[in-house]
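Trainee: Could we walk through this structure together, one question at a time? I would like to see how each answer is reached.

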Amino acid sequence: MIIGAIILVVLILLGISIYNSLIAKKNQVNNAFSAIDVMLKKRFDLLPNLIETVKQYMQYEEGVLTKIVELRSRSTSPNISNEEKLEIDKQLSSAVKGLMINIENYPDLKANQNFLNLQSTWTESEEQIAASRRAYNSSVTDYNNAIMMFPGSIFAGMMNYQQITVLANTEEERKNISAKELFNN
């Protein structure tokens, strides 16, 4: 009788421990995504200053600047999902990379101190976003392991926890950058 009660108490404590662990891992994933969101917001807030500085010099790149402004506006919409935010971020990163390449054609702009500061801040922001993505992927991997491995899989099934996809680069982002192609355009 006592042995049965001890086994029951151990099983209950083990169940509580697994349940709390799953909740903590899910919250860690949400927290890690929030860090990405904060970094994206910081980068989006840099865009108006960057565009105003660049606009003075790049009269012939109006299309690129318009696209960046449009993407920034979409990113600040209140009801967009996390997936949409990440997709807008990819498009925005691509547009800004194109802008930075075109800046090579404007030596006065390249020498502008305000632009150099913005470019430095932008690069720092990119590095912080990359670090946040790595932290997010680490949290997602930890969470996915917890819900897929026994005995966590039993509790995860009862709690209807689903596997989360890690953030990955697209095929285009994985390609090696050719400096020759960049500067021949």
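**Pocket, rings and core**

Trainee: Which helix gives the most to the lining of the second largest pocket, and with how many residues?

Mentor: Bear in mind that we are looking at a predicted model. Helix 3 (82–102) and helix 5 (113–148) each supply at least two residues of that lining. The helix that gives the most is helix 3, and its contribution is five residues.

Trainee: How much space lies in the second largest pocket, and which residues are closest to its centre?

Mentor: The space in this pocket comes to about 260 Å³. There are 13 residues lining the second largest pocket, and those closest to its centre are Glu83, Leu86, Tyr136, Thr165 and Leu167.

Trainee: Tyr136 came up at the pocket. What kind of aromatic pair does it form with Phe33?

Mentor: Phe33 is in helix 1 (residues 2–55) and Tyr136 in helix 5, so look for partners 103 residues apart in the chain. Both of these residues are buried. Their ring centres are 5.7 Å apart with 70° between the planes. Planes over 60 degrees apart get a name of their own, and this pair is edge-to-face.

Trainee: The structure holds two aromatic pairs. What is the geometry of the pair made by Tyr143 and Tyr161?

Mentor: Tyr143 sits in helix 5, while Tyr161 is 18 residues away, in the loop between helix 6 (152–158) and helix 7 (171–174). Both tyrosines are buried. Their ring centres are 5.9 Å apart, and because the planes meet at 45°, the pair is tilted.

Trainee: Which residue lies over the face of Tyr161?

Mentor: A charge counts as over a ring if NZ of Lys or CZ of Arg is within 6 Å of the ring centre and within 35 degrees of the ring normal. At Tyr161 the distance from the ring centre is 4.8 Å, and the residue is Lys26.

Trainee: Which element gives the most to the largest nonpolar core?

Mentor: Of the 40 residues in this core, Leu47, Leu50, Val54, Ile68 and Tyr136 touch the most other members. Two or more residues come from each of helix 1, helix 2 (62–75), helix 3 and helix 5. The top contributor, with 14 residues, is helix 1.

Trainee: Is the peptide bond from Phe150 to Pro151 cis or trans?

Mentor: Pro151 is in the loop between helix 5 and helix 6. Omega for the bond from Phe150 to Pro151 is near 5°, and the bond is cis.

Trainee: What is phi of Asn160?

Mentor: Asn160 is in the loop between helix 6 and helix 7. With 58% relative accessibility, Asn160 counts as exposed. Its phi is positive although the residue is not glycine, with a value near 60°.

How values were computed. Residues are numbered from 1 along each chain as its sequence is written. This is a predicted model: local features need pLDDT of at least 70, side-chain atom pairs count only at pLDDT 80 or more; totals for chains, interfaces and linings use all residues. Side-chain values use heavy atoms; hydrogens and water are left out. On a 1 Å grid over the protein atoms alone, a cavity is a set of points where a 1.4 Å probe fits but cannot get out, and a pocket is an open set with protein on both sides within 12 Å along at least five of seven lines; lining residues have an atom within 4 Å of a point. Grid points are joined across faces, edges and corners, and a volume is the space filled by probe spheres set on the points. Helices (H or I, at least four residues) and strands (E, at least two) are DSSP runs, numbered from the N terminus. Rings of Phe, Tyr and Trp (its six-membered ring) pair if their centres lie within 6.5 Å; planes under 30 degrees apart count as stacked, over 60 as edge-to-face and the rest as tilted. Buried means under 20% relative accessible area, exposed over 50%, partly exposed in between (1.4 Å probe, protein chains only). A nonpolar core is a set of buried Ala, Val, Leu, Ile, Met, Phe, Trp, Tyr and Cys residues joined through side-chain atoms within 4.5 Å.
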